[in-house]
Amino acid sequence: MRATGIVRRMDELGRVVIPKELRRTMRIREGEELEVFTTDDNALVLRKFSAMEELADFRHDYASSVYGATGYTAIITDNDKVVAASGDIKGVRIGDVVSDKLAAIYEGRRRVELPAEEDIFAGKAEYRSAVVAPIISGGDVMGGVVLLSRKPVSELALKTADTAAAFFASRV
């Protein structure tokens with residue numbers, strides 16, 4: 001763990017304020033869930049909760065199935081990072097941070113089609129078109145499904161992205 005040099009006092013209800021600069025750096029938004037852990041040396045650890053992390057059994061198999069059935073590179077993310085990827089477009093890896101542009105698309109709460117000029121992976125992947133479908137469960141954005149292709153967007157890609165997003169939304 002890294003020390004921040006920041007000290008906060010707990011109030012009478014047990015609340016501690018996480019400083020704005022840390023929330024911004026760690027991309028913690030109002031209403032977001034945090035997991036609480038303790039360590040053997042009595043340290044208290046807060047970690048951003050990711051419902052998509054809980055779906056380890058599904059996400060890799062689903063991405064592989066989408067790629068195998070459609071030929072589209074399938075990328076599944078939570079709100080912060082790539083959690084599964086399968087396909088022939090290289091450069092995007094599990095653990096890569098979600099770009100601000102991609103996060104903004106998720107917050108728009110609707111599926112979008114993008115040409116390659118709308119670079120959502122900071123130059124890491126070469127593709128001609130992309131389909132991005134946010135995963136929305138209980139009114140909250142949980143992440144998204146991204147399909148990349150070297151061909152123009154097709155009706156199959158649109159329906160596949162919608163289906164994948166709905167599948168994951170029903171699981172979280």
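**View 1. Confidence along the predicted model.** The protein has a mean pLDDT of 86, and 95% of its residues reach 70 or more. Among the elements of the protein, the lowest mean pLDDT, 80, belongs to strand E2, which covers residues 44-48, while E6 has the highest, at 93.

**View 2. The largest nonpolar core and the elements that build it.** This core holds 22 residues, of which Tyr62, Ile76, Val131, Ile135, Val145, Leu147 and Phe168 touch the most other members. At least two residues of the core come from each of helix H2 (56-70), strand E3 (73-78), strand E4 (82-86), strand E6 (129-137), strand E7 (140-149) and helix H4 (155-171). With 8 residues, H4 gives the most to this core. Apart from this core lies another one, of 20 residues, which includes Ile75, Leu102, Ala103 and Ile120. In soluble globular proteins, nonpolar side chains tend to be buried together.

**View 3. The surroundings of Val145.** When neighbours within four places in sequence are left aside, Val145 is in contact with Ile75, Val131, Val132, Ala133 and Ile135, and likewise with Ala161, Ala164, Ala165 and Phe168. Val145 and Phe168 are also among the residues that touch the most other members of the largest nonpolar core.

**View 4. The hairpin of E3 and E4.** These two strands form a hairpin with 3 residues between them, and they pair in the antiparallel sense over 4 bridges. Within this region, Ala74 stands opposite Ser86 in E4. Strand E4 is mostly covered, since 4 of its 5 residues are buried.

Note on methods. Residues numbered from 1 in each chain as written. Heavy atoms only, no water. Core = buried A, V, L, I, M, F, W, Y, C linked by side-chain atoms within 4.5 Å. Buried < 20%, exposed > 50% of the residue type's maximum accessible area, 1.4 Å probe, protein only. Contact = heavy atoms within 4.5 Å. Pairing = 2+ DSSP bridges. pLDDT = per-residue confidence, 0-100.
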